[in-house]
Amino acid sequence: MAWREDPARCRLAEEAARRAAAGLEAGPVLAGLRRLTIAGLLADGPAPRRSQDLAGIARAVCGAADQAARRRPGWLYAMVPPDDLLPVAVHRTLLQAALLSALRGVLGCPGARGVLQCEAAGPGVRLRFQGGRPDPDAADLWRRCAREGGGAAAFGGGPVFTAAAWLPLGKAPPPPAPDARDLLRDRYSLVYQFLGEWSADPGR
């Protein structure tokens, strides 16, 4: 999903360049970028031109998060088909942000564990997540995914974030999803915008 240039994003880009040149951490820039990213994704925009492979995106996001996060093994359990293509009519960046926002809630709770399930379900795809603290941004991003993809989303109550979404399968084959390494190369990528507080040496 493309964003229009705005003064706030330009200022953050300039600050990012200054910090990188000085060898400083990216952290102070990441929170501002995340807020701008979420605002842009929740705003009304054009429908996606192509379907995206939800299974491939989920594999990449979970792989990148597992590599980047300073957490004990087992903090994230992802059940995603290893080879299936599951095309859905949702922008790639929106799918990534929805998943990362849920993972952010897990990392914000010491000792918490996140469980993600992605599977074909009849003429569609079922996506489920449980773990961590409820986060308003996560719920909004999951709702936006469901609305954009022509599906539905539901959420559980209580102190643990629980979400489920169903999206109809797209008809056209999706382009290849980026792998985990692609998501980790840029120190200002979505992975670090959402998880940078718990990541070691973002982008390095």
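## The overall layout

Helices (H or I, at least four residues) and strands (E, at least two) are DSSP runs, numbered from the N terminus. Reading from that end, the elements of this chain go α-α-β-α-β-β-α-β-β-α-β-β-α-α, for a total of 7 helices and 7 strands.

Before going on, some ground rules. What you are looking at is a predicted model, where local features need pLDDT of at least 70, side-chain atom pairs count only at pLDDT 80 or more, and totals for chains, interfaces and linings use all residues. Residues are numbered from 1 along each chain as its sequence is written, and side-chain values use heavy atoms, with hydrogens and water left out.

## Inside and outside

How much of the chain is buried? Of its 204 residues, 48% are, where buried means under 20% relative accessible area, exposed means over 50%, and partly exposed is in between (1.4 Å probe, protein chains only).

Now for contacts, meaning heavy atoms within 4.5 Å. Among contacts in the chain with a separation of 6 or more, 73% are between residues 24 or more positions apart.

Let's start with S101, which sits in helix α4. S101 counts as buried because its relative accessible area is 2%. Apart from neighbours within four places in sequence, S101 is in contact with A138, L141, W142 and F194.

Next up is V191, in helix α7 (residues 190-195). V191 also has 2% relative accessibility, so it counts as buried. Setting aside residues up to four places away in sequence, V191 touches A64, A68, L100, L183, L184 and G196. Take L100 from that list: L100 and V191 are 91 residues apart along the chain, but their C-alpha atoms are separated by 6.9 Å.

## Strand β7 and its partners

Strands pair if DSSP finds at least two bridges between them. Strand β7 (162-168) pairs with strand β5 (residues 124-130) in the antiparallel sense over 7 bridges. In this pairing, R126 stands opposite W166 of β7. Strand β7 also pairs in the antiparallel sense with strand β6 (residues 152-155), over 4 bridges. Here A154 has A164 in β7 as its bridge partner. The hairpin of β6 and β7 has 6 residues between the strands, and in this hairpin G158 takes a positive phi near 95°.

Which residues of β7 are on the covered face, and which on the uncovered one? A163, A165 and L167 make up the covered face, while T162, A164, W166 and P168 are on the uncovered face. In a regular strand the side chains alternate between the two faces of the sheet.

Rolling a probe the size of a water molecule over the atoms shows where empty space is left. A cavity is a set of points, on a 1 Å grid over the protein atoms alone, where a 1.4 Å probe fits but cannot get out; lining residues have an atom within 4 Å of a point. Grid points are joined across faces, edges and corners, and a volume is the space filled by probe spheres set on the points. The count comes to 1 cavity of 30 Å³ or more, and the largest cavity has a volume of about 60 Å³.

What lines the largest cavity? The residues are L54, L95, A98, L99, L127, W142, C145, A165 and L167. Helix α4 (92-107), α5 and β7 each supply at least two of the lining residues, with the largest share, 3 residues, coming from α4. The lining has 9 nonpolar residues, no polar and no charged ones (Ala, Val, Leu, Ile, Met, Phe, Trp, Tyr, Cys and Pro count as nonpolar, Asp, Glu, Lys and Arg as charged, and the others, Gly among them, as polar).

## Salt bridges

A salt bridge is a side-chain nitrogen of Lys or Arg within 4 Å of a carboxyl oxygen of Asp or Glu. How many does the whole structure have? A search finds 7. In one of them, the side chains of D44 and R144 meet at 3.5 Å, N to O. This pair links distant parts of the chain, 100 residues apart: D44 is in the loop between α2 (27-42) and β1 (52-53), and R144 is in helix α5 (residues 136-149). D44 is exposed, at 69% relative accessibility, whereas R144 is buried, at 8%.

E119 and R126 also meet in a salt bridge (2.9 Å, N to O). E119 is partly exposed, with a relative accessible area of 25%, and R126 is partly exposed at 29%. Then there is D179, which forms a salt bridge with R181, the closest N and O atoms being 3.0 Å apart. Salt bridges that share partners also join D44, R144 and R147 into one network.

Methods: On a 1 Å grid over the protein atoms alone, a cavity is a set of points where a 1.4 Å probe fits but cannot get out, and a pocket is an open set with protein on both sides within 12 Å along at least five of seven lines; lining residues have an atom within 4 Å of a point.
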